[in-house]
Amino acid sequence: MTNAIWFDPSLMLIGDTWRAAQNTLTLVNPSDGSPLADIAAGQSGDIDDAVCAAQSALDGEWGRMSATERGRILTDIGRAVLERVDELAEIEAHDVGKPLSQARADALALARYMEFYGGAADKVMGETIPYLDGYTVYTLREPHGVTGHIVPWNYPMQIIGRSVGAALAMGNACVLKPAEEACLTALAFAHIAREAGLPDGALNVVPGRGPEAGAALAAHPGVQHISFTGSVRTGALVQQAAGANVVPVTLELGGKSPQVVFEDADLDAALPFLVNAGIQNAGQTCSASSRILVQRSVYKDVRERMAEAYRSLTVGPAMDDLRVGPLISTRQKQIVEGFLAKGADLNIAAQGKLQIAPDTGAYVLPTLFDDVLADHSLARDEIFGPVQVLIPFDTEEQAINIANGTDYGLVASIWTANGARQMRLAKKLRAGQVFINNYGAGGGVELPFGGVGKSGHGREKGFEALYGFSTLKTVAAHHG
Ligand code: NAD
């Protein structure tokens, strides 16, 4: 176990108590395959207790707080996270295998979510509605109640920030089920939040296996909203379980997000985004850009520039802070290697290289495939590894058809100097976010995020999330 972990990682937080579970699971450091920490393997009984503790918080101090008081606490949590950014980054680097500077960026984002939702908490307003003579009608935004948050391993801090932050701002009480592969920053965050003044039961954290703790949370009749981020397969199960209780769900699932490069694009500006959006967090990003569509007249030029960038990519342990770290697990490595094998009939434009790294780590080389047909599995299926495909196109219409030709619709980007084309494609591309001459826009917490199709539904981030984590009540008073 690394010295960076300053809390007991085997405990779960339920109400005011950090307590042990009946069984534990062992987390593995993906950089070298060594055991990192034993964590609680929460069961359905623990989820029952956590939901109960959350309901007590709503019936008690937390439920009585004004929006301003809640916002002040979130702001204080944000400040406390900022003071511990380096510690959080180190923990995340060990747990997720994320290069240290990328883990640090996630910790900063967590702080920023707390600041943003702290400031927003008392700025969500209802409205008055002009109505019949003798009536006054207005709306109230109210919390759902107990919200469940099922979080994956790829961006624990960012996903906790955007979902738990918005839910708390609206006055919900949260039960958080982090991923069994990486849950240490979820626990660290809960410690920090309590030290910063979050009342008992407003946030409960129950680590555990998905089919046990996760399934119990999704199906719990005491939960009034579920926020899920992860795979399509599990998202569908979560939606089914929540459906039995007629409870709303937000699903943030995968993607196969394209960047569309036209011949008039500023290639110098585009190049870093084309590559980085595919290899950040070793490609294990729901909004990774895994398809690069390039107009044929500049195809060769783009391929050569990207290939050169790929050849300079170095892969190694997270604490070495190279461009690419290991994947989360050897299981994920096998999945990605399976996709690479499916590309055996394709040309590889270039690959990155492995620095000195233990062969017990979950490393794969970043790989850029050349001239891939749009219906090839590598161009349609989410890989969740540092793999990108180049796809040539001739016309704008063809580009739109290819870009929209997968089951997913999370993010898309257009590289062109032609203003009319920018506007046309922004409307025609099937995605929850469209970027023009950039990719990701710096990931701002202010920007609503979510997908269409198999990428999911509902929106997190920005003000939009506050509407998702609340329910609207209409009050009609008859006064004559
Ligand atoms: P997953 O969907 O199985 O896990 C995500 C979360 O759901 C984890 O907390 C997990 O414990 C929980 N979970 C698992 N089974 C559950 C169940 N039956 N009921 C309720 N919760 C459950 O994802 P994974 O197995 O970690 O990764 C598999 C694939 O999912 C990846 O290869 C990738 O394609 C995709 N993925 C996408 C994202 C994303 O941000 N969109 C994140 C992680 C993984």
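This is a predicted model: local features need pLDDT of at least 70, side-chain atom pairs count only at pLDDT 80 or more; totals for chains, interfaces and linings use all residues.
Helix α5, which covers residues 100-120, packs against helix α6, residues 156-169, with an angle of about 10 degrees between them and axes that lie 8 Å apart. Because angles under 35 degrees count as roughly parallel, α5 is roughly parallel to α6. On the side of α5 the contact is made by A103, D106, A107, A109, L110, Y113, M114 and Y117, while α6 brings M157, Q158, G161, R162, G165, A166 and A169 to it. Sorted by class, the residues of this contact of α5 with α6 comprise 10 nonpolar, three polar and two charged.

The second pair consists of helix α3, residues 67-83, and helix α7, residues 184-195, whose axes are 9 Å apart and which pack at an angle of about 125 degrees. This angle makes α3 oblique to α7, and the crossing of the two helices is right-handed. Here I77, A80 and V81 of α3 meet F189, I192 and A193 of α7, so that the class division of the contact of α3 with α7 reads six nonpolar, no polar and no charged residues.

The largest pocket holds about 1,000 Å³, and its lining is made up of 36 residues, of which G230, S231, R233, T234 and R331 are the closest to the centre of the pocket. Several elements supply at least two residues each to this lining, namely α8 (210-218), β10 (225-229), α9 (232-244) and α12 (330-342). Among the contributors, α9 provides the largest share of the lining, with six residues. By class, the lining of the largest pocket divides into 20 nonpolar, nine polar and seven charged residues.

The largest cavity has a volume of about 80 Å³, and the residues that line it are G255, G278, G283, T285, C286, A288, S290, E382, I383, F384, G385 and V387. In the lining of this largest cavity there are five nonpolar residues, six polar residues and one charged residue.

The second largest cavity contains about 60 Å³ of space. Its lining consists of 14 residues, and those that lie nearest the centre of this second largest cavity are P258, A403, Y408, G409 and R430. The class division for the lining of the second largest cavity is eight nonpolar, three polar and three charged residues.

Key: Residues are numbered from 1 along each chain as its sequence is written. Side-chain values use heavy atoms; hydrogens and water are left out. Axes are lines fitted to C-alpha atoms, for helices over the stretch in contact, and angles run from 0 to 180 degrees between N-to-C directions. Helices (H or I, at least four residues) and strands (E, at least two) are DSSP runs, numbered from the N terminus. Angles under 35 degrees count as roughly parallel, over 145 as roughly antiparallel, 65 to 115 as roughly perpendicular and the rest as oblique. A crossing is left-handed if the near helix is turned anticlockwise from the far one by less than a right angle, and right-handed if clockwise. Contact means heavy atoms within 4.5 Å. On a 1 Å grid over the protein atoms alone, a cavity is a set of points where a 1.4 Å probe fits but cannot get out, and a pocket is an open set with protein on both sides within 12 Å along at least five of seven lines; lining residues have an atom within 4 Å of a point. Grid points are joined across faces, edges and corners, and a volume is the space filled by probe spheres set on the points.
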